[in-house]
Amino acid sequence: MTVMANPLTMFDVKGQVALITGASGAFGMVAARILAGAGCKLVLAAGNQAALDEIAEECRALGSEVMALNQRPSDEAACQSLIDEAVACFGQLDILVVASGMNKVALINDMAPETFTDVMDANVTQSWLLARAAAGQMKAQGQGGKIVLVSSARGLLGHPAGYTAYCASKGGGGWHHQIAWLRIGAHRDHCKCHCPHCVPLTFDGLDVRRQ
C-alpha cells in the first residue's frame, strides 16, 4: 500500500496555468483571486473590458502572471481560441474554470424561443465546447488537469420568477459535467460542477464581490 507523504500536495496549484471565462463576473472574480493567491498563472477572459482590466491588475498585485483577453466563448472557434491562446502564452493548460453564462428573465408563456435558445447556448453549449477543447489539450499534455463548471442550485431546485431558460440550462450544465467526468477521468482529468445558491452582488451599498 502506497501512502502519500503529504496529501496536501494534491491541492498545490503553484505554477499551474488556469483559464477563467466570465472572469469579470462575481464567481469568476472570486476564482481569479483565489488561484492568483495560490500561485497560478492566469488567463482571464471576459466581455467587460473595464472590469476585466480591474481584476487582472488585482491578480497581478497578488503576484500572479496574467494574460487578459477581452473575449467571450461565443462559438466553437472562440472556445478553441481561448485554449490556444492560454497555451501559446504559458505553454500549457492545467485548470479551466467556466464562470461565463447569462440569464434572461421571462415567464414561460412570454419568453421568445430565440431567448430560450440564447440562454441554453451560453450556459450549456459554450461550457461544453470549452470543456471539450480543454480536455483535448489536457489529454495531449499527458499530466491530467481540472475542469470546473459553475452551474447553479437553480438547476436543481428551480425558480418560479421567470427563470424558465436559466433553470433548464443550469440543470443541463450540471448533467453534462457528469458525462464529461465519466469520459475524461481515464486520462487523469477531473471535471467538477459547482452549484452555488443565490448570491447578491451588492447589499446595502456593499459590493460583496470584494469580500
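**Close-up views of a predicted model**

View 1. The model shown here is a predicted one. Is Met-29 buried or exposed? With a relative accessible area of 4%, Met-29 counts as buried, because buried means under 20%. Look also for Leu-52, which lies 23 residues from Met-29 along the chain. The C-alpha atoms of Met-29 and Leu-52 are separated by 9.0 Å.

**View 2. The whole protein, for orientation.** Stepping back, you can find six helices and eight strands. Following the sequence, their order is β-α-β-α-β-α-β-α-β-α-α-β-β-β. The protein has 211 residues, and 41% of them count as buried. Among contacts with a separation of 6 or more, 67% join residues 24 or more positions apart. The protein exposes about 11,300 Å², with carbon and sulfur atoms supplying 58% of that area.

View 3. Helix H3 covers residues 76–90, and its 15 residues should span 21 Å at 1.5 Å a residue. Its end C-alpha atoms are 22 Å apart, which agrees with that expectation. Which residues of H3 are buried? They are Ala-78, Cys-79, Leu-82, Ile-83, Ala-86 and Phe-90. These residues cover an arc of only 145 degrees around the axis, so they lie on the same side of H3. An α-helix has 3.6 residues a turn, so residues three or four places apart point the same way.

View 4. At the start of H3, a side-chain oxygen of Asp-75 comes to within 3.3 Å of the backbone nitrogen of Ala-77. After H3 comes Gly-91, which has a positive phi, near 90 degrees.

**View 5. The nonpolar cores.** The largest nonpolar core contains 23 residues. Those with the most contacts inside this core are Leu-19, Val-43, Leu-93, Leu-96, Ala-134 and Ile-147. At least two residues of the core come from each of E1, E2, E3, H3, strand E4 (95–98), H4 and strand E5 (145–150). H4 gives the largest share, seven residues. There is also a second, separate core of 21 residues, including Ala-31, Ala-32, Leu-44 and Ala-56. In soluble globular proteins, nonpolar side chains tend to be buried together.

Note on methods
Residues are numbered from 1 along each chain as its sequence is written. This is a predicted model: local features need pLDDT of at least 70, side-chain atom pairs count only at pLDDT 80 or more; totals for chains, interfaces and linings use all residues. Side-chain values use heavy atoms; hydrogens and water are left out. Helices (H or I, at least four residues) and strands (E, at least two) are DSSP runs, numbered from the N terminus. The expected span of a helix is 1.5 Å times one less than its number of residues. Buried means under 20% relative accessible area, exposed over 50%, partly exposed in between (1.4 Å probe, protein chains only). The arc is that of the directions from the helix axis to the C-beta atoms. A polar contact is a pair of N or O atoms within 3.5 Å; within protein, one must be able to donate a hydrogen and the other to accept it, and residues adjacent in sequence count only if both atoms are side-chain atoms. A nonpolar core is a set of buried Ala, Val, Leu, Ile, Met, Phe, Trp, Tyr and Cys residues joined through side-chain atoms within 4.5 Å. Contact means heavy atoms within 4.5 Å. Accessible areas come from the Shrake-Rupley method with a 1.4 Å probe; for residues, only the protein chains shown count as cover.
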